[in-house]
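Dear colleague,

I am handing over the structure below, and after it I set out what was found in it. Please read the notes with the model open beside them.

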Amino acid sequence: QVQLVESGGGLVQAGGSLRLSCAASGGTFSNYAMGWFRQAPGKEREFVAAINRSGGTTYYADSVKGRFTISRDNGKNTVYVQMNSLKPEDTAAYYCAAERRTGWGVSRRSNEYDYWGQGTQLTVSS
């Protein structure tokens with residue numbers, strides 16, 4: 001029902017910044033809370049950030065709090081994550097995900113999301 005396509009990944013030096021985008025199609029974007037997750041080789045997928053349907057509520061993993069900012073533009077059916085002060089440990093494949101909601105909540109748990117993008121790679125060099 002919903003297709004998600006991430007973009008904006010690349011190779012960045014430590015301390016640099018990058019913005020990832022996730023474009024959604026095939027559904028009513030404002031009906032979905034959105035999240036960003038990441039997975040490094042040999043590690044399990046972990047929560048990064050999430051935003052509720054309206055954009056009024058956000059949550060962040062402790063490891064990225066203060067450095068990353070999630071936002072959404074419901075008119076463009078797009079969710080973003082602005083990543084500043086990047087560290088080598090941020091290197092991972094980044095995935096966006098959509099969670100169907102009827103209210104205003106948001107989840108940090110990957111198994112509660114309904115749709116996933118294909119991922120975009122971020123590599124941070126030191």
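R72 sits in strand β7, where strands (DSSP E runs of at least two residues) are numbered from the N terminus. R72 is buried, with no salt bridge of its own, and D73, the nearest side chain of opposite charge, is 8.3 Å away. Here buried means under 20% relative accessible area, exposed means over 50%, and partly exposed is in between, computed with a 1.4 Å probe on protein chains only. A salt bridge is a side-chain nitrogen of Lys or Arg within 4 Å of a carboxyl oxygen of Asp or Glu, and for charge, Lys and Arg count as positive and Asp and Glu as negative, while His and the chain ends are not counted. The side chain of R72 does reach backbone oxygens: that of F29 lies 3.0 Å from one of its polar atoms, and that of R53 is reached at 3.4 Å.

Before going further, please note that this is a predicted model, in which local features need pLDDT of at least 70 and side-chain atom pairs count only at pLDDT 80 or more, whereas totals for chains, interfaces and linings use all residues. Residues are numbered from 1 along each chain as its sequence is written, and side-chain values use heavy atoms, with hydrogens and water left out.

The strand that holds R72 belongs to an open sheet of 4 strands with antiparallel pairing, in the order β1-β3-β8-β7. Its edge strands are β1 (3–7) and β7, each of which pairs on one side only. On average, neighbouring strands of this sheet are turned by 15 degrees against each other, direction ignored, the axes being lines fitted to C-alpha atoms and the angles running from 0 to 180 degrees between N-to-C directions. Two strands count as paired if DSSP finds at least two bridges between them; β7 and β8 pair in the antiparallel sense over 6 bridges, and I70 has V81 in β8 as its bridge partner.

The loop between β7 and β8 contains K76 and also N77. K76 counts as exposed because its relative accessibility is 57%, and K76 lies 73 residues from Q3 in sequence and 14 Å from Q3 in space, C-alpha to C-alpha. N77 has a phi near 55 degrees, a positive value in a residue other than glycine, and at 27% relative accessibility N77 counts as partly exposed. The loop between β8 and β9 holds S85, whose phi is likewise positive, near 50 degrees, and which is partly exposed with a relative accessible area of 42%. As background, most residues other than glycine have a negative phi.

A further set of pairings involves β5. Strands β4 and β5 pair in the antiparallel sense over 5 bridges, and G35 has A50 in β5 as its bridge partner. In the hairpin of β4 and β5, with 6 residues between the strands, G42 takes a positive phi near 80 degrees. On to β6, 3 bridges join β5 to this antiparallel strand, and A50 has Y59 there as its bridge partner. The hairpin of β5 and β6 also has 6 residues between its strands, and G55 in the turn has a positive phi of about 90 degrees. Of the 6 residues of β5, 5 are buried.

The largest nonpolar core has 37 residues, and those with the most contacts inside it are M34, W36, M83 and Y94. Such a core is a set of buried Ala, Val, Leu, Ile, Met, Phe, Trp, Tyr and Cys residues joined through side-chain atoms within 4.5 Å.

Finally, the count of salt bridges comes to 5. D90 and R67 meet in one of them at 2.8 Å, N to O; this pair links distant parts of the chain, 23 residues apart, with D90 in the loop between β8 (78–83) and β9 (92–100) and R67 in the loop between β6 (58–60) and β7 (68–73). Both D90 and R67 are buried. In contrast, K65 and D62, whose closest N and O atoms are 3.5 Å apart in their salt bridge, are exposed, K65 at 52% relative accessibility and D62 at 69%. R101 and E99 also meet in a salt bridge, at 3.2 Å, and E99 counts as buried because its relative accessibility is 6%.

With best regards

Terms used: Polar contact = N/O pair within 3.5 Å; in protein donor to acceptor, adjacent residues only side chain to side chain.
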